[in-house]
Each structure stands twice: as C-alpha cells, then as structure tokens.
Amino acid sequence: MSDRALGVACLLLSAFYIFMATQIQTSFITDYLGPKFFPILIGVLLAISAIFPILKPDPEPDWPGAARMIEIVFAVAVMVAYTYALPVVGFVLSTAITSGLLSWRLGAKPLSAAMAGVSISVGIYVVFHLILQLSLARGPWGF
Amino acid sequence: MDVFSQLADGFAVALTFQNLALALVGCFLGTIIGALPGLGPSNGVAILIPVAFTLGLPATPALILLTSVYYGAMYGGRISSILLNIPGDEPALMTTLDGYPMAQKGQAGEALALSGIASFVGAFFATWGLVFLAPQLVKVALLFGPAEYFALFALAFATLGGVASQNQAKAVIAAMIGLAIAMVGVDHQTGVPRMTFGNIHLYEGIDFLVAIVGLFAISEVLLFLEHKTGAAPSVQTQKLARVTAPWSMLKSTSGAMGRSTIIGFLAGVLPGAGASLGSFVSYTVEKKISDKDGTFGKGDPRGVAAPEAGNNAAAGGALVPMLALGVPGSGTTAVLLAMLMALNITPGPLLFTQRPDVVWGLIAALFIGNIMLLCLNIPMVGLFVRVLRVPSKYLMPAVTMISFVGIYGISGSTFDLLMMIIFGVIGYILRKMNIPTVPIILGILLGNEMEKNLRRALEISNGDVNTLWGSPLTIAIWVLAIVGFIAPFVFGRFLRPKKDPTVAP
C-alpha cells in the first residue's frame, strides 16, 4: 500500500515536473538542447520508474504507531520553531530549550533533560563560537 | 619513479604541524563517530563538512581533516559490532558475525586488537593501490570528452542502483529525485531560472550540503524517536584487560587479511559498491575458503579479520574513481565529493594535473592517518568503549544541534534550516520505505555536470544523437552501465548483505 502510494505520488510529481519544465522561459541565446530537455527527460524517467512499485509493491514497511508518529511530528515542530526562534532570542537560549525538549522526548527525565539541554547549548557555544570562532545566531543579549 | 616523487611532495604538504594536528583530531573524532551507533562515516562526515567549511580552512587541511574522519569512522565501526552486536555503521555489519561471538567467549580484547590490525592492513595496502591505480585511470580519463562523461555519470547511477540497492526501480526513483532537485536554480548555460517558483532563495539552487545533512543526520534523529530506547546499550567491559592479539592469531589470520584486502580494494574501485560490499564479499569468500570446521559465525578470528580488512581496503579503493574521475561509487565517497565541491575543487583528471598538491597531500595524509589510527586504536580502545555508553537521549540532540550550527554557519538563513528539516522528514520517509538516499545525493551533486556534458556533446555534434555512443570508449562505458544495472537481477543474492535500512549510512 505504501509503495503504491509512493508510485502514484511520483507519477503526479513527474507530471507536475514535466509541466513546470515546459513553462521554462527560453531566452534568445540558447544551445542545441536548451534548458527544457533534461528536466523533461528526468520527469519521464521518474514516471517510468514509478510504475514498478505500483505493479509490484514491496512488503509494507513497519510504520510507527500513532503515539510514536506524534513524537516525530512534535520533534519536527520543535525544530521548525527553533529555526524561527534563533534570530529572535539568540543561540544559547533557543538551543538549550530545543535540545532539552528533544532529549526529554528521547526518554530522559525532565530534570536531566533540562541539564542536558543547557550543557549541549553551552558546550557548543564554547567550542564552536569561543574556541573555533564560528558565527552563531545573536540574540538581544549578544549570544 | 614519478609516482614516488609526487608522493614525496605530498608528504611535504601533509607533514606540517597544522596538518598533522588536524589529521590527529580527525582520526580521533572519526573513530568516535564510527563507534557510536547512529553515526556512521556518511552522516558523520556530512555533519562536519559545513563546520569545516565555515571554519574557513583552506582546501588541503580541510580535506585532510575530513578524510581522516572518514578513515577513522571505518576503524571505529567495529567497536560496537564486537562489543554490542550492533554495527556502528553499515560496513561493520559483517564484523558482528564473528566479532560478537568472540567477545562472548571472553576474547573481546583480542577481537578488538585483531580487527584494528586488520583494518590497518586493509587500509594501508589499499592506499598503495590508490597511489598506483589512480594515475593510470587519470591517463584514460584525460581522453574523455563530453559524451564519455555523460555516459560515465549514467554508469554511476546505474551501478549504484544496481549493486547497492535492493530494488532497482526505487534506486532509479531516488536518482531522478536527486537530478530533479539539481535542476532547481538558474540554468548555467542560458541564464534562465528553472523550477524556482519565483522564490529568490531558489535562484542559486538547493545547496547540496543542506540536502545531505538533512537526509543523513536529521532523518537519523527521527528514526531514533521511533523507538524510545534512550538508554545506552550495556557494554560488557570486564574482559577488556588485554587489548592485544597473540602472535599466533595474527599469523593464522594473515592469509585472510591478504585475500580480503585484494577483494575489498577491487570491490571499492568498482562504481556503486563501496565499503559495505567490500566487507560482505570478503567475508563470504573467506568463509568459502577457510571454513572447513564450521567455526565461522562462532567466533573465528578469521571471520573478524576478513571483513575488517575488506571494508577498510574498499574505503581506500572507493577513493580511486572519486578522485580520478570525479564519480563517487558509494555513499561515503559521495559525501566526500560534496566536501570537495564545497571547497571549490572539482575532482577528476584535471585535479591531478592542476592541483597535485591537493591530491598527493591527501594521499600522504591517508598514510599518516592510518598509522595514527593504529596507534590510537590499540592503546585507547578503552576510551572509545566508554564513549559507547553515552546514551542516545543525550547524543542525538547534540548531533541535531551541531547539524543546525553547521548549516546556519554557511548562510545564516532560516530558509536553509527549514530546507534541511524538510530533507530530514523526506529522508525519514524514504528510509522507512527502503528507498536508498545515496542516489539522491549523487543526483544533486552530479545533475548539473551531467546535463552540461549532454548539452555540450550535442552542441559539438550539431544535434546528432549518435555522438553519445559514437566512440569505443562511450560504448564500453554504456555496456558497463547496462551490465551493472542488470547483473543484480541475475546474481544479486550473492552480492548483497541483508541489511537493515535503519543502520547509519
């Protein structure tokens, strides 16, 4: 079932991709093939290869249950929130919270997760920023 | 001989204080990365590329650092294979078969020492193979025109899909997705934007480092979240009193090491194979040759020496096509190619003629790294074993944050970080569905070059398609590509380890 869905998704994707390729503006300077040909070729090959999983799907992968799926969605949401928080509150605070949350969801107890978060954040700050001089996101307090 | 004088120049480059220090750091980090379950050579190097890049290291030192990590990870993977029965990375899979039984018999120290020595033998002789074979390949590659290169890229995709994956159709899907992603951005030849949806961030294309870190590292974290293991696996350390191998054991396994080095090196040079295949084939062959009493799989030292010599030799062999042709044959060399491209170095025959300092400095660094690894691994194995006890609930958040730091360091843009997360989610889904992620990376890396060569070939021939298979060289490459793609249908069962797609790449 998953493989069939994959095949159908790839077919739709290839159709969309080929359509987008035909929409590419060609300028007056162009070579023999032009900028459209190769993307269309890729789209066609993708469509052909997408037929096989539909006809002969592999055994169903063991997808995690709903509870674990929610964990994964939550982790992704935390990471997305992190990318937006970085420029606002700076590296150290946002990283401490994010890594603490991830550590907690990976099974650490709340207190040790919080400590892990702070140590990871400060550790990276010291190693990468203070020692290796890498530029990290600056918040209102300069770190 | 010419090769030796160039190698001597390479040593002159590599033997500076800074480069030696970087090699040492790289070997140390690499061994830890290889040892930790969840981090393998591909994703370990992937995380470190943006970091090395943003540190502003010049090309040669950066290359030395990261290839030391690569070789180190090959050494480190065996530690958790032997002690925990969990391969630290994919190539170390075969080492679990006899390594763990040896540890159970109380020979953990011997197994670790033996595998360290076998790794050294494999890697050392494979580096010599690289020294002699790569310049020969360069001579051939200098004759290549656009049509040959186009065929060569097709060969890389065909064999990667053929030998290294379980389902050809899925490998083709992955390659096409990669190529499709590579098309995003302004067309290099006519200057028109393609597939950008008017988004200004996409005009420069999608940064391959963003894709690699997302597909390899972020997806790994999501896989970990699936099982709430959290705790570190318990390590039995009581029997680690001595980490040496008795002379008699080395003597009895020397044949296995020698054979496996040759097999592993050849497997590594073949496009699409890489270290996993090297260790698998050398174990299988060694078992056929030596397993007369049925001791393989029950803790036979030869069963530890063979796959370790094989995978390290293959790691060296895989560098041959990557450096000489610019076409990587395996996941890790694809990541190394990404590293070279990030440093603005285009591997291939011209690299040998124009930047011999980079090539030979790198090769010299491999020799030095090898000796360092042997010296680090035998006495310090106890330390690396302790690293295994870092629970993933603390390790994986740190890995995630370092991935973010690296990508943020390249551009400082929120957009790139979001792309990385998207690639992470895609990587998770694809890995669950057993779709290889390496062809995607290869597609992103090679897509533009492949298209450029196709267009150039047809430009030269005035649109005559026959030019694509018009010379003996192109015909030979196309035949190899077709054979490489079809062969696994016929005897794939013998070439492929049953692998768990969730093991770190």
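From the N terminus on, the elements of chain A run α-α-α-α-α, which comes to five helices and zero strands. This is a predicted model, and it also holds a chain B, which has 20 helices and two strands.

**Overall form of chain A**

- The radius of gyration of chain A is 23 Å, well over the 15 Å that the globule rule gives for 143 residues, and chain A is therefore more spread out than a compact globule.
- Along its principal axes, the C-alpha trace of chain A spans about 55 × 50 × 25 Å.
- Chain A is divided into domain 1, which covers residues 2-55, and domain 2, which covers residues 66-131, and the centres of these two domains, taken over C-alpha atoms, are separated by 39 Å.

**A helix pair in chain A**

- Helix α3 of chain A (residues 66-89) and helix α4 of chain A (residues 91-105) have axes that come within 9 Å and cross at roughly 175°; because angles over 145 degrees count as roughly antiparallel, α3(A) and α4(A) are described as roughly antiparallel to each other.
- On the side of α3(A), the residues that meet α4(A) are A:R68, A:E71, A:F74, A:A75, A:V78, A:Y82, A:A85, A:L86 and A:V89, while α4(A) contributes A:F91, A:L93, A:S94, A:T95, A:T98, A:L101, A:L102 and A:R105.
- Sorted by class, this contact of α3(A) with α4(A) has eleven nonpolar, three polar and three charged residues.

**Overall form of chain B**

- Chain B, with its 20 helices and two strands, has a radius of gyration of 22 Å, close to the 23 Å that the globule rule gives for 505 residues, so chain B is as compact as a globular protein of that length.
- Taken along the principal axes, the C-alpha atoms of chain B fill a box of roughly 70 × 50 × 50 Å.

**Helix α6 of chain B and its contact with α4(B)**

- The axes of helix α4 (residues 59-84) of chain B and α6(B) come within 10 Å and cross at roughly 155°, and α4(B) and α6(B) are therefore roughly antiparallel to each other.
- The crossing of α4(B) and α6(B) is right-handed.
- From α4(B), the residues B:Y71, B:Y75, B:R78, B:I79, B:I82 and B:L83 take part in the contact, and among the residues of α6(B) that they meet are B:A108, B:L112, B:G116 and B:F120.
- The residues of this contact of α4(B) with α6(B) divide into ten nonpolar, four polar and one charged.

**Helix α6 of chain B and its contact with α10(B)**

- Helix α6 (residues 108-141) of chain B also meets helix α10 (residues 247-269) of chain B, where the axes come within 9 Å and cross at roughly 40°, which makes α6(B) oblique to α10(B).
- The crossing of α6(B) and α10(B) is right-handed.
- Residues of α6(B) in this contact include B:E110, B:L114, B:I117, B:V121 and B:F125, and those of α10(B) are B:M249, B:L250, B:T253, B:M257, B:T261, B:F265 and B:V269.
- By class, the contact of α6(B) with α10(B) has 13 nonpolar, four polar and one charged residues.

Methods:
Residues are numbered from 1 along each chain as its sequence is written. Chains are lettered from A and ligands numbered from 1 in the order in which they are written. This is a predicted model: local features need pLDDT of at least 70, side-chain atom pairs count only at pLDDT 80 or more; totals for chains, interfaces and linings use all residues. Side-chain values use heavy atoms; hydrogens and water are left out. Axes are lines fitted to C-alpha atoms, for helices over the stretch in contact, and angles run from 0 to 180 degrees between N-to-C directions. Helices (H or I, at least four residues) and strands (E, at least two) are DSSP runs, numbered from the N terminus. Angles under 35 degrees count as roughly parallel, over 145 as roughly antiparallel, 65 to 115 as roughly perpendicular and the rest as oblique. A crossing is left-handed if the near helix is turned anticlockwise from the far one by less than a right angle, and right-handed if clockwise. Contact means heavy atoms within 4.5 Å. Ala, Val, Leu, Ile, Met, Phe, Trp, Tyr, Cys and Pro count as nonpolar, Asp, Glu, Lys and Arg as charged, and the others, Gly among them, as polar. Domain bounds come from an automatic or database domain assignment. The radius of gyration is taken over C-alpha atoms; the globule rule is 2.2 Å times the number of residues to the power 0.38.
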